[in-house]
Every structure is written in structure tokens, then in C-alpha cells.
Amino acid sequence: MQANPALHTPAKKNCTFEVAGRPDGEGYLSQNNAMFGIIVIQEWWGLNESMVKTTDRIAKMGFQCISPDIYRGKVAQNREEAGHLLGGLDWEGAVKDIEGAAKHLREMGCKKVGVTGFCMGGALAIAALSFSDQINAAAPFYGVCDLNTFKLDNIKGPIYGQFGEKDEMKGFSSPDDAQRLVDAGQKAGKNVKVKIWPGVGHAFMNQDRPEAYNAEVAQQALQEVATWFKQVFSQQL
């Protein structure tokens with residue numbers, strides 16, 4: 001099945017932000033007057049038009065949102081390219097870019113900043129929460145980073161992971177990996193929980209992958225995560 005062109009069309013970036021020790025970052029900003037901010041991190045494809053749609057959807061739920069360009073200008077045209085980009089990812093540089101986006105949201109008036117992401121972006125959401133004290137909570141979708149490199153001992157806010165019951169990406173985003181995340185959180189004495197959505201597999205949130213997308217579950221999951229972020233942030237104020 002041919003993927004939707006939105007997966008391979010670069011996003012029209014509309015913001016820049018400072019990044020410690022690196023050239024300025026760029027991204028897509030969905031701006032409003034909300035007091036809470038969310039960083040929305042791309043899948044392995046890159047910052048594409050599909051991520052713009054998702055970022056705008058989240059912003060309409062009451063957040064100012066930035067989707068930073070983690071690949072810094074590159075968007076995969078096929079799965080082979082996406083795998084190559086992910087395999088060559090500078091994870092330390094990526095979390096610095098995410099921290100830069102968080103600081104930018106704070107400069108725009110956001111009192112609290114969370115991070116979410118999908119697939120690779122889910123793993124990076126956990127990594128960024130471990131790396132940066134600028135981020136207050138994370139809601140990763142179907143992705144777990146290397147928890148030996150990005151230790152949960154370092155997180156300063158809660159995690160609410162979202163996974164699919166039929167996700168077969170073992171070692172990264174399967175239900176077993178969701179449990180591994182919870183177990184690591186318990187060992188570190190942190191607030192880490194997950195939800196396993198029934199009947200769906202990997203990429204169930206991606207409206208531009210019809211073979212994986214589940215519109216009903218996607219809407220429920222996004223609403224649940226938005227409500228969770230607002231509750232967490234309100235308690236942290």
C-alpha cells in the first residue's frame with residue numbers, strides 16, 4: 001500500500017529557537033494564548049505535513065505547540081530512508097533541540113511544558129524528560145528509548161505512555177516494552193504509568209497510514225493525554 005504523500009512532504013517551518021551548543025533549531029509552531037505548552041515530536045519519517053496536522057490537533061485542545069525538526073531539514077521518502085535517518089540519529093543533539101523548543105515555549109508565556117511524540121518521537125519524549133529540567137511531563141506514544149542511557153532516575157515529572165495491544169515491535173514499543181517502562185519507573189521511584197489500547201497496533205495515531213490508523217482510538221487517546229497534561233500541569237503550578 002502506497003503511503004500518503006503527507007508522510008514525505010516537508011512541513012512548512014515557521015519558527016526558530018536557540019539550542020545550547022548547537023545551531024538554532026527550527027520547527028512548526030501552532031501558537032495561541034494557552035498557558036501550557038506541548039512539544040510534539042516526529043515519527044521516523046521526519047517533520048512532515050502529517051506532523052503539522054497532528055500538532056494543530058493538539059494545539060486546538062488548549063496548548064501552544066512546537067514540533068521541532070529533529071532531522072534538521074531531512075524528510076524520508078521511503079521506509080529505507082527513514083530507517084537510515086533513525087539509525088544515524090544524534091540522540092544527544094536531538095534532546096538538546098527538544099530542550100530548546102521547551103525554552104521557546106516558556107519564552108512565549110507557557111507556565112508548564114510537556115512533551116509527546118510518536119514512534120521515534122515517543123522514545124525521544126522519554127529521553128527529553130530524562131535529559132532536561134525544562135520539561136514537566138511526557139506522554140510518549142509507542143516508543144521506549146534506551147533506559148540505560150536516559151535513566152528514569154533523572155526525570156522530574158510523570159510519564160503516561162500510550163501503546164497498542166497488537167504492536168509487534170518487540171524491544172521498542174510492544175506491550176512487553178510498555179511494561180518494561182513501568183517496571184523501570186517503579187524501580188526509580190517515579191510516577192510512570194501506561195495505557196494499552198485494545199485492538200490496535202503500531203502507528204495507530206497516524207492519520208496518513210490507513211493500514212494502521214484507528215480514528216476512534218486516536219481521538220480517545222489524544223483527548224485522554226490532553227486531559228492528563230492539563231491535570232498534571234495544574235497540580236504543578
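Student: Which residue in β4 is the bridge partner of G27?

Tutor: P68 in β4 is the bridge partner of G27. This is a predicted model, in which local features need pLDDT of at least 70 and side-chain atom pairs count only at pLDDT 80 or more, while totals for chains, interfaces and linings use all residues. Residues are numbered from 1 along each chain as its sequence is written, and side-chain values use heavy atoms, with hydrogens and water left out.

Student: Why is the meeting of the D97 and R72 side chains called a salt bridge?

Tutor: The term requires a side-chain nitrogen of Lys or Arg within 4 Å of a carboxyl oxygen of Asp or Glu. For D97 and R72 the N to O distance is 2.8 Å, so the pair qualifies. D97 lies in helix α3 (residues 91-107) and R72 in the loop between β4 and α2 (79-87), so parts 25 residues apart in sequence are tied together.

Student: Why is D97 called buried?

Tutor: Buried means under 20% relative accessible area, exposed over 50%, and partly exposed in between (1.4 Å probe, protein chains only). D97 has 2%, and is therefore buried. R72, at 32%, is therefore partly exposed.

How values were computed:
Two strands pair if DSSP finds at least two bridges between them. Helices (H or I, at least four residues) and strands (E, at least two) are DSSP runs, numbered from the N terminus.
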